[in-house]
Amino acid sequence: MPVTIALPLDIPEVRVLSSNVLDNRLLIEVESTLQTARCTRCGQESDRFHGFDRPIRLRHLPVFGREVVIEIRPKRYRCPHCEGGPTMTQHCAWYEPNRPHTTAFEQWVLKALVHSTVADVSRQLDVGVKAVEGIMDRHLAPAVNWATFATLETIGIDEVSLCKGQGHYVAVVWARDAQGDTHVLAVLPDRLQTTVQVFLEAIPTELKATVQRVCIDMWEGYAGAVATALPQVPLVVDRFHVAVQYREAVETLRKQEFHRLNAERGPANALPTAELRRLMRREWPSLNEAQQGQLAELFEQAPLLSSAYTLRTVLTAIFECTPDRATAQTRLQRWSEQVKAAGLTCFDTFLNTFAHWQEGILNYFEGRQTSGFVEGLNNKLKLITRRCYGLDDSIELFRRLWLDIEGVRF
């Protein structure tokens, strides 16, 4: 007997005629309540009913854990405006012609794909792999849609290795808008300057005007691409990549000093290198009294290491506490002079790096922007490649990244 069921459709323009349980599925027969159709030839609306087309069945959202199938006989209308009075089929907004699913069901499949795989969704929803891939092809664009952006504000560029051994790099371009939302703009097949430059030049002119900064690590290809494609946009070098450089300088000196000290001692009196290495990598305020005492004893025997540790701490404080660019420039210059006065050569490589990237490093102090949001989101890309067992197609990676980031905002 006919029953009334509230269907979760975007446009409630259907009337339920009947419902039955068939092969453990709920079969719901419906009829469209729309009384017109648009002619495919002249584009005008017609209300001259001609008849019903053959019935079609569409997979819909489940109800109480039971699979739901909607059956509808599309209405056909005759156009009075065209010669010969051609007929046309009425199109409803809640499903697309020649597709076996409703629009709501396809959106549900896309939500299920967020942080998942095609194979998992296929098993969970009892949908064929080809059907899931077809839904992705219809709804996920292979490239960014610039029309969805009002501003870009901050662009971040970084590379990710898709293979072990630091091979097969792809460049990932991200954006963070004024609201703090992060968006993936592209997954480029390589990190060459030409590839990145071509993409940046393809950004619409009105959106280029909204870019306030580009955050990168110290990679010449990215810097050259930004300088050519976005010459008016300041380049910001990520402070954490800078920290890796000067901390590595202290680590190199530590290895040399430990080797020298242990060479002067017998094996029984050798320094506890593993423990001291761990303490050297931490900042002084985070150590307790006993740990500070261990380092103080070490610094008495290695004064150069003491000076390097102190200068590393001072440099970290400059990045943490300096309020503006001008003050930072003065403090960094004074720090460089202190390094030279201490006679330390371990920082020579870092000083050369700082001289080369000085503008980008100082730009950090303008708004204290970093590539942190880029580095964190790159982990999503690595997770996708592991989840999909080595997915390495740049277009497919972009679509999966877009789905994982934007899918939660559906």
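The largest cavity is lined by Leu315, Leu332, Trp335, Ser336, Phe350 and Phe354. A cavity is a set of points on a 1 Å grid over the protein atoms alone where a 1.4 Å probe fits but cannot get out, and lining residues have an atom within 4 Å of a point. The model is predicted: local features need pLDDT of at least 70, side-chain atom pairs count only at pLDDT 80 or more, and totals for chains, interfaces and linings use all residues. Residues are numbered from 1 along each chain as its sequence is written, and side-chain values use heavy atoms, without hydrogens and water.

The count is 1 cavity of 30 Å³ or more. The largest holds about 30 Å³ of space, a volume being the space filled by probe spheres set on the points, which are joined across faces, edges and corners. Helices H11 (325–341) and H12 (348–356) each supply at least two lining residues. H11 gives the largest share, 3 residues. Helices are DSSP runs (H or I, at least four residues), numbered from the N terminus. The lining has 5 nonpolar, 1 polar and no charged residues. Here Ala, Val, Leu, Ile, Met, Phe, Trp, Tyr, Cys and Pro are nonpolar, Asp, Glu, Lys and Arg charged, and the others, Gly among them, polar.

Helix H7 (residues 239–263) packs against helix H10 (residues 303–321) at about 170 degrees, with axes 10 Å apart. H7 is therefore roughly antiparallel to H10 (over 145 degrees). Axes are lines fitted to C-alpha atoms over the stretch in contact, and angles run from 0 to 180 degrees between N-to-C directions.

Methods
On a 1 Å grid over the protein atoms alone, a cavity is a set of points where a 1.4 Å probe fits but cannot get out, and a pocket is an open set with protein on both sides within 12 Å along at least five of seven lines; lining residues have an atom within 4 Å of a point. Angles under 35 degrees count as roughly parallel, over 145 as roughly antiparallel, 65 to 115 as roughly perpendicular and the rest as oblique.
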